[in-house]
Amino acid sequence: MNTSVHSTARLLGAALRALLVLTVVCGVIYPLVVTGIAQAAFHDKANGSEIKAGGRSVGSERLGQAYDLDQKDKDGNPLPDPKFFQPRPSAAGPNAENTRYKLVVSGASNLAADSKTLLDAVEKRRADVAAFNRVSPSAVPVDALTASASGLDPDVSPAYARLQAKRVAEANGLPAARVEKLVEDHVDGRILGFMGEERVNVLKLNIALQELAKK
């Protein structure tokens, strides 16, 4: 009996020591080491790829955001600000069809390609984007009609950015050629020259636009 009690106590002691050691190693030392390496080698990315303008944080390079007026349409949805380049639609948030980058959740709408709800939403977006930019509905690129898988895509295609240039130039009282050049200057190529597609980061483009408008 005493031998059994002694063995049990020894096993409990070993288990407790292992728990304490693993807690310190995995719960304290490892996180501190990883955090230290991240801060030293990838400081910008480790802190959320934060972008600053005018001395204050205005967003993240990796997260899309809305550029809206302090007004709403008849359905209660925010109206996009014509002075800014607009991102692609977002399906993130509690109301996938009407949410404009409310960072509540990340995700797609999960609607099937033949869903009437999705098809109706795409056609409405086509009409809205065409009217907002005063172009033909057939000129609206696909990324202006569909949300990304994450719902938080910070980039648009060069085609969508170019489509918006004339409207943005007029709203800001700028020459169209200067805004068009600004768009071209912010086109990022494919990763390593062959992966993905060309893209334009909307936040960076809008910051550059504001700087241009001040001149």
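Biologist: Where does Leu-192 lie?
Modeller: This is a predicted model: local features need pLDDT of at least 70, side-chain atom pairs need pLDDT 80 or more, and totals for chains, interfaces and linings use all residues. Residues count from 1 along each chain as its sequence is written, and side-chain values use heavy atoms, with hydrogens and water left out. Helices (H or I, at least four residues) and strands (E, at least two) are DSSP runs, numbered from the N terminus. Leu-192 is found in the loop between strand 6 (187–188) and strand 7.

Biologist: Is Leu-192 buried or exposed?
Modeller: Buried means under 20% relative accessible area, exposed over 50%, and partly exposed in between (1.4 Å probe, protein chains only). Leu-192 has 69% relative accessibility, so it counts as exposed.

Biologist: What is the phi of Leu-192?
Modeller: Most residues other than glycine have a negative phi. Leu-192 is not a glycine, yet its phi is positive, near 60°.

Biologist: How far apart are the end C-alpha atoms of helix 3?
Modeller: The expected span is 1.5 Å times one less than the number of residues. For the 18 residues of helix 3 (residues 116–133) that gives 26 Å, and the end C-alpha atoms agree with it, at 26 Å.

Biologist: Within what arc do the buried residues of helix 3 fall?
Modeller: The buried residues are Leu-118, Ala-121, Val-122, Arg-125, Val-129, Ala-130 and Asn-133. The arc is taken from the directions from the helix axis to the C-beta atoms. Seen down the axis, the buried residues line one face of helix 3, because they fall within an arc of 160°.

Biologist: Which residues are exposed on the other side of helix 3?
Modeller: The buried residues have cover that includes helix 4 (158–172), where contact means heavy atoms within 4.5 Å. On the other side, the exposed residues are Lys-116 and Ala-131.

Biologist: How far does helix 6 reach from its first C-alpha to its last?
Modeller: Helix 6 has 13 residues. At 1.5 Å a residue, 18 Å is expected, and the reach is close to that, at 19 Å.

Biologist: Which residue's side-chain oxygen reaches the backbone nitrogen of Leu-203?
Modeller: A polar contact is a pair of N or O atoms within 3.5 Å; within protein, one must be able to donate a hydrogen and the other to accept it, and residues adjacent in sequence count only if both atoms are side-chain atoms. At the start of helix 6, the oxygen comes to within 3.2 Å of that nitrogen, and it belongs to Asn-201.

Biologist: What is the angle between the planes of Tyr-67 and Phe-84?
Modeller: Rings of Phe, Tyr and Trp (its six-membered ring) pair if their centres lie within 6.5 Å; planes under 30 degrees apart count as stacked, over 60 as edge-to-face and the rest as tilted. Both Tyr-67 and Phe-84 are buried. Their pair is stacked, 5.8 Å centre to centre, and the angle is 25°.
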